[in-house]
Every structure is written in C-alpha cells, then in structure tokens.
Amino acid sequence: MAELSIENVSMRFDLPGGTSIQALKDVTLHLKAGELMSVLGPSGCGKTTLLNIVAGFLAPTEGRVAINGRTVTGPGPERGMVFQQGALFEWMNVRENVSFGPRMKGMPKAEMQQIVEHLLDVVGLADFKDKAIYELSGGMQQRVALARCLANDPDVILMDEPLGALDALTREKMQSLVLRLWKETGKTIILITHSVEEALLLGERLIVMAPRPGRIHREYRLPFADLGVGADLREIKKHPDYDPTREEILNMIWNMEEEIMGRTEVAT
Amino acid sequence: MTSMVPFLIYLAIFAASYLVVNKAIRRAVRTGLAARKTVTFGDESAVVPDRAASVISIVTLFLLWGIFTGSALVPAFLHMPGPYIGGGRFTYVVEDRDGRRDEATVFWRVAAPGEKGEKPEIDPGEGPAKNDAIVIRAYRSAQLSWDRNDEDGFRRKAGARIIEIAGVPVDYDPARRGEADASDRPKPVVEVENATVTLSDKGALIITPYTGWQMEPIWLPPPEDVVKRLFDIASEGFRGATLWEHLGFSLMRVVVGFFFGSLVGIPLGYAMGLSNWFRGWFDPIVEFMRPVPPLALIPLVIIWAGIGELGKIVLLFLAALWIMAIAARSGVSGVRISKVHAAYSLGASKSQIMRHVIVPNSLPELFTGARVAMGVCWGTVVAAELVAAEKGAGMMIMVASKFQNTDIVIMGIILIGVIGFGIDILMRWLERRLVPWKGKG
Ligand SMILES: Nc1ncnc2c1ncn2[C@@H]1O[C@H](COP(=O)(O)OP(=O)(O)OP(=O)(O)O)[C@@H](O)[C@H]1O
Ligand SMILES: [Mg+2]
C-alpha cells in the first residue's frame with residue numbers, strides 16, 4: 001500500500017521560438033493509501049501532464065513526486081497506467097498482454113498463469129484468453145488493459161480517460177468494475193476523466209483543475225464512490241447531494257472554458 | 001494507321017464483353033453487399049475487380065496475340081490475313097537511248113516464312129530485254145536488277161530505262177535524278193497482283209509482295225513458338241546453362257543481396273529510430289541514397305567490384321539496404337508512445353521493450369519494406385544481367401535479342417514477370433501469416 005505525494009510540482013514546456021507554456025504551476029496533493037481521486041478540468045489544463053509526471057514519463061521543472069517518501073525519477077512497476085486506448089500490444093493475444101508485467105519480471109509460469117486466469121475471470125474475459133486484441137470490442141480491450149495493469153500488482157494505478165472511448169452503457173459497467181476492484185484491492189488510484197458524472201461517481205476525492213497555468217481549483221470529498229461499491233450506479237445518481245454538486249462543477253468548468261475562449265478572442 | 005488495328009480490336013472486345021457480361025448475362029444475378037449499395041460510384045470500397053473482366057482480359061490478350069501471329073492455337077478463320085506466299089508475274093517495257101522498246105516479264109516467288117525458297121525456272125524469252133526471275137523472303141521486299149541479263153544496249157548503263165510496268169506507263173529517268181526539279185518527278189508505284197512494284201533511285205525494280213496484317217515472327221512469334229521454346233530451353237538449356245540455372249542464379253542474387261541488405265539495413269534503421277546521433281549521422285546519407293535508382297549505380301559497381309557475382313550482389317545489397325533501413329526507421333517511429341509507456345510502467349527494461357514492443361511493432365512496416373525491396377531487387381538484377389552476366393534471366397533475353405530470337409526474349413520476359421509476381425504473392429502470404437494484426441492496431 002502506498003502513499004503518493006505531489007509536492008509543489010510545476011511544469012513548463014519550452015516551445016520553439018522562445019515562448020513557453022506553463023502547463024502546471026505549484027500543484028500540491030497528497031493521496032493516502034487506498035484513496036481514489038478523480039481529476040476534472042477543461043481541455044488543456046494539464047491533467048495528462050500531471051499524470052505523466054506521476055508516472056515518471058516527464059520530469060517536472062520544479063517540485064517532486066514521491067511514493068512512500070521515495071522520489072520518482074522514472075517509470076516503475078509500482079505505478080501502473082491505463083491509457084485511453086491503443087496501448088495494448090496487438091501482436092500478443094489477450095493472455096500474453098495480461099501476463100506481460102509478470103513475464104518481464106521472470107515470474108514462474110504456473111504462478112503467472114494463475115494470476116492471469118484469476119484476473120481474466122474478474123474482468124469477465126475468461127472465454128477470450130486466446131483471442132487476438134483486434135478481435136475484441138473497445139470495452140473488452142479496456143478490460144484487458146485493466147487486467148494487464150492489475151496483473152503487475154502496482155500500488156498506484158494511473159488512468160487517463162480509460163473509459164473515454166466507450167459507449168454509455170459499457171462505460172457504466174466499467175465504472176462499476178473499477179469501483180469493485182478499487183474496494184477489493186485497496187489500490188491508490190488517480191483517474192482523469194472528462195465526464196463530470198464519472199468523476200462524481202468514482203471520485204472519493206475529486207479535484208477540479210483550472211488552466212493557464214494548470215493548477216488545482218477546487219477539491220471535493222464525496223460519498224458516492226463508497227455508496228457505489230456493489231450498488232446500482234443509477235440509484236446513486238438519485239442521492240440528494242448528487243445533482244447540486246454536478247451542477248456546481250459543470251458551471252465551474254463552463255465558466256473556465258468561457259474564460260479561455262474570451263482570452264483567445266482578445267489575444268487574436 | 002495499320003498499327004492502330006490491334007488497339008481498335010482490343011477496344012471493341014473491351015466494350016462488347018462489358019455489354020454482354022453486364023447487360024445480358026448478369027442482369028438477373030446481382031448478389032452481395034455491393035449490390036445492395038445504392039451509391040457505388042465514388043465509393044471505392046464498393047469497387048471490386050470483376051473476375052469475369054479479368055478472365056476475358058487475359059484471354060483477349062492471348063487471342064490478339066494469336067490472331068496477329070497466325071497462331072495454330074487460334075482457329076484459322078480468326079487469323080488476320082498473312083503475307084502472300086506463292087508466285088506472280090508482271091511485264092515491263094524497256095526503252096533504250098535510241099527509242100527502241102522491248103517487253104519482258106518478271107517471275108517472282110515468295111518463300112514461306114523462315115525458308116529461302118528457289119528461283120522460278122524461266123524461259124529467257126525473245127528480244128534484247130530478257131525475262132527475269134526472283135525469289136523473295138516472306139515479309140521482305142526485293143530489288144531486281146532487271147538489266148543484268150539483257151543485251152548491252154538495253155542496260156541501264158547504256159541509258160535504257162523502264163517506261164511501263166504491268167501496262168502502266170511510268171515516267172522516271174534515273175539519269176536525271178540529280179537535277180534541281182527531280183523531286184517534281186516522283187517515282188511511280190504500280191499495283192500488280194499480290195504485290196506493288198516501284199523503281200529504285202537508280203532505276204532497278206523493287207517488288208514488295210503483299211505482307212498482310214500479321215506480325216513477322218521476328219517481331220512477335222506466335223504463342224505456341226514461345227511455349228515450344230520454353231520446353232526446348234527447359235530441356236536443353238541456353239548458352240551452357242539450364243533454364244533453371246538461369247532463373248536460379250537471378251533469384252539467388254536477389255535473395256543474397258536482399259538478405260545482406262536487410263542484415264545491415266534493419267539494425268541501421270532501428271538505430272536511426274532510437275538514437276539521435278545515429279539519426280543525425282545517417283539521415284543525410286539515407287535520404288540522399290534513397291532517390292538514387294539502383295540502376296544508376298551499375299557503372300560504379302562495375303568499376304569497383306567488377307561484373308562478376310560480387311558486383312551484382314553489392315548492387316542488390318545497396319538496392320535493398322536503404323529501403324530496409326527506412327522501413328525499420330519508420331517502424332520504430334511509428335510505435336504509439338502509449339505502448340512504450342505502458343511497457344515501461346509494467347516494469348520492462350530497455351532490451352525487453354526492444355524485443356517485445358519495438359521489434360514486433362515494426363514488423364508490418366518491415367514487411368511492406370521487404371515487399372518493395374524484393375520488387376526493386378528483382379528489377380535491378382534483371383537490368384544488371386542485361387548489362388553483363390554469364391548466367392541469369394536478364395542475360396538470357398539480352399543474348400537472345402542479339403540473335404533476334406524473339407521467342408526466347410518473350411518467354412524470358414514472361415518468366416521474369418511470373419517470378420516477380422510470385423515473389424510478391426509469397427511476401428503477401430508471409431505477411432498475412434506473420435503479422436495478422438497489420439492495420440488493426
Ligand atoms: N510535449 C509538450 N510540448 C509542449 N506543450 C505541451 C506538451 N504537452 C502538453 N503541452 C501543453 O500543456 C498544456 C496541458 O496539456 P495536457 O495534455 O496536460 O492537457 P489535458 O488537461 O490533459 O487536456 P485534455 O483534457 O485535452 O487531455 C496544454 O496547453 C498543452 O498544449
Ligand atoms: Mg489529456
């Protein structure tokens with residue numbers, strides 16, 4: 001179990017031509033072990049950048065990210081990633097994709113097989129072990145991605161719009177699955193999403209980010225994720241706090257988007 | 001104009017078979033998804049090759065080939081008229097300097113194609129101008145010095161000239177051919193039965209028997225000759241090597257050149273896709289060499305490595321090298337960064353990422369490159385063998401062309417095409433087997 005701290009992280013991208021973009025400014029966050037945090041924000045506010053820094057794909061210009069106190073300097077198997085789509089290895093079948101992490105570690109075959117069977121059961125793909133990736137639907141592919149990440153048993157799971165490309169119904173099923181896995185495994189999870197509903201339903205904690213420079217704008221603590229474990233997500237939406245919170249966040253993001261548009265108008 | 005005839009026939013068959021197949025036969029039997037689409041014009045996916053059209057197209061080509069070569073494989077009534085084979089005669093009148101005239105007859109005979117034939121036996125006839133005999137080879141014209149057997153006064157040297165051919169008066173005086181207004185007095189052309197007759201500058205007779213519409217075998221032999229040649233050469237060989245040796249040598253050069261080109265090119269491409277330094281160092285070289293046609297390297301390779309086996313393999317090596325390097329490079333740069341990130345996050349080391357992500361991810365590009373490279377190598381080897389070789393498909397057709405063995409040339413070209421096509425089919429089959437995920441990422 002792992003604690004994750006993001007300390008005064010700033011990120012500046014230098015662009016050709018001498019200009020630069022302040023993608024993140026002074027972002028500080030602490031996640032306790034087993035916390036599920038969703039991140040919302042208008043497009044371009046630095047969500048992906050933040051996640052990439054936590055994953056270790058980018059080094060921040062200032063500040064640091066630490067797992068259990070150890071500073072992150074690069075990608076590592078204790079932080080698993082689930083990408084939006086297209087990150088599966090299409091030259092491997094479902095089983096080989098899921099067993100990739102353990103295989104790289106050189107885990108004994110029998111043990112590995114057990115893990116794979118179990119996880120494919122969990123995500124409901126037991127019958128598709130030997131299928132090629134391109135034979136699966138989008139939702140199935142994301143379940144494979146989830147299983148692949150879990151097979152490596154990371155402490156922290158980072159998800160960048162993992163359900164963004166799915167249809168509403170599949171998406172709801174996957175949301176339930178994520179909640180269940182979160183509760184069962186006790187992983188620390190950061191989930192980036194564009195859907196306010198998803199952020200509300202899945203976010204035990206919810207961060208709203210603001211753009212230019214990318215920073216934390218508001219933070220919520222919500223009861224819905226806990227209620228949603230094992231329950232019908234549509235029932236959760238009837239919770240008296242649900243609609244007001246959703247309206248508030250929608251307005252917030254709407255205003256930010258409008259501000260960006262306004263600024264671009266002035267600039268040009 | 002006559003050369004348009006085959007083309008017009010081809011066009012006519014194209015149109016006629018379209019009408020027959022689509023309007024008459026197919027009308028009732030439309031099936032499949034494409035038939036259910038209402039918009040097909042402009043929808044590329046709705047356009048599939050019409051099998052019937054392909055079959056008719058091939059048959060038409062062979063049919064035209066047979067028709068215009070008088071092939072035994074095509075029923076005789078379809079043949080274009082062949083050259084006139086047989087004999088004929090016409091008379092001509094000679095006038096000497098003093099205005100005396102005499103008539104003589106030319107007996108001519110056309111020998112069958114490929115034969116020399118014999119001069120007709122004739123009676124020299126009466127008078128100072130004697131009858132003449134000549135044998136002409138099929139498809140050829142012949143010049144007849146009609147005065148060689150005539151009496152002295154009736155020779156051209158003595159100022160005699162022809163004033164009438166087959167009853168048609170002609171007005172051409174070779175003695176005046178140098179004069180300023182000579183071009184106002186064109187040479188006569190007289191039609192006789194199965195031939196045309198005219199005069200040369202110096203007043204000799206030129207006899208052109210009717211050649212018909214068929215192609216001379218030396219230009220285009222009939223298909224059965226080509227097939228026969230194939231069997232002849234397959235059993236007897238050509239220039240000290242069997243047919244299989246010729247083809248095998250060409251193929252062997254391609255395979256060896258391609259192998260070494262890939263052996264160097266693929267790692268080079270990977271290095272260029274993975275390291276700034278390699279990319280910077282080799283980019284100018286690769287980008288410069290890529291547009292240089294391998295054929296342009298032949299002279300240099302001959303200077304450096306000679307015309308032997310080594311030179312050819314070096315050439316093919318160079319032809320394959322850049323293509324494979326570029327394919328491997330774009331295979332690496334084509335990897336989705338999220339796949340690499342995912343692999344790192346799953347704990348893979350650099351060498352594991354290379355082996356399990358970058359190499360398999362680049363396979364489709366490599367296969368595309370390999371297909372192109374094999375095609376280029378095959379074309380290059382044939383061209384190199386045209387220039388100089390002791391064995392090989394290109395050498396075979398080049399030597400055959402020097403001896404005007406058109407049937408061998410055509411057989412060679414067909415074999416080269418078939419092998420090139422076969423290589424491509426093989427590569428595509430391998431591609432389907434080995435990278436089934438291609439285009440589905
Ligand atoms: N490699 C880069 N080079 C230059 N600028 C970058 C780079 N990556 C991101 N940026 C800039 O940083 C800002 C934040 O980008 P980021 O991708 O993190 O946004 P995001 O919140 O994930 O957006 P979205 O919701 O659309 O995915 C953007 O303005 C973007 O243009
Ligand atoms: Mg993003």
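An oxygen atom of ligand 1 sits 3.2 Å from a polar backbone atom of C45(A), which falls under polar contact (a pair of N or O atoms within 3.5 Å). This is a predicted model, where local features need pLDDT of at least 70, side-chain atom pairs count only at pLDDT 80 or more, and totals for chains, interfaces and linings use all residues. Residues are numbered from 1 along each chain as its sequence is written, chains are lettered from A and ligands numbered from 1 in the order written, and side-chain values use heavy atoms, without hydrogens and water.

| Residue | Distance to an oxygen atom of ligand 1 |
|---|---|
| T48(A), polar side-chain atom | 2.6 Å |
| H194(A), side-chain N or O atom | 2.8 Å |

Taken alone, ligand 1 exposes 630 Å², and the protein buries 63% of that (Shrake-Rupley method, 1.4 Å probe). The residues around ligand 1 (a heavy atom within 4 Å) include F13(A), L15(A), K47(A) and E161(A).

Now to chain B, which is divided into domain 1 (2-78), domain 2 (86-209) and domain 3 (223-434), with bounds from an automatic or database domain assignment. The C-alpha centres of domain 1 of chain B and domain 3 of chain B are 34 Å apart. Between these two domains about 440 Å² is buried, 78% of it from carbon and sulfur atoms; buried area is the accessible area (1.4 Å probe) lost on being put together, summed over both parts. On the side of domain 1 of chain B, W65(B), S71(B) and L73(B) lose the most area to domain 3 of chain B, together 77% of what that side buries.

Key
A polar contact is a pair of N or O atoms within 3.5 Å; within protein, one must be able to donate a hydrogen and the other to accept it, and residues adjacent in sequence count only if both atoms are side-chain atoms.
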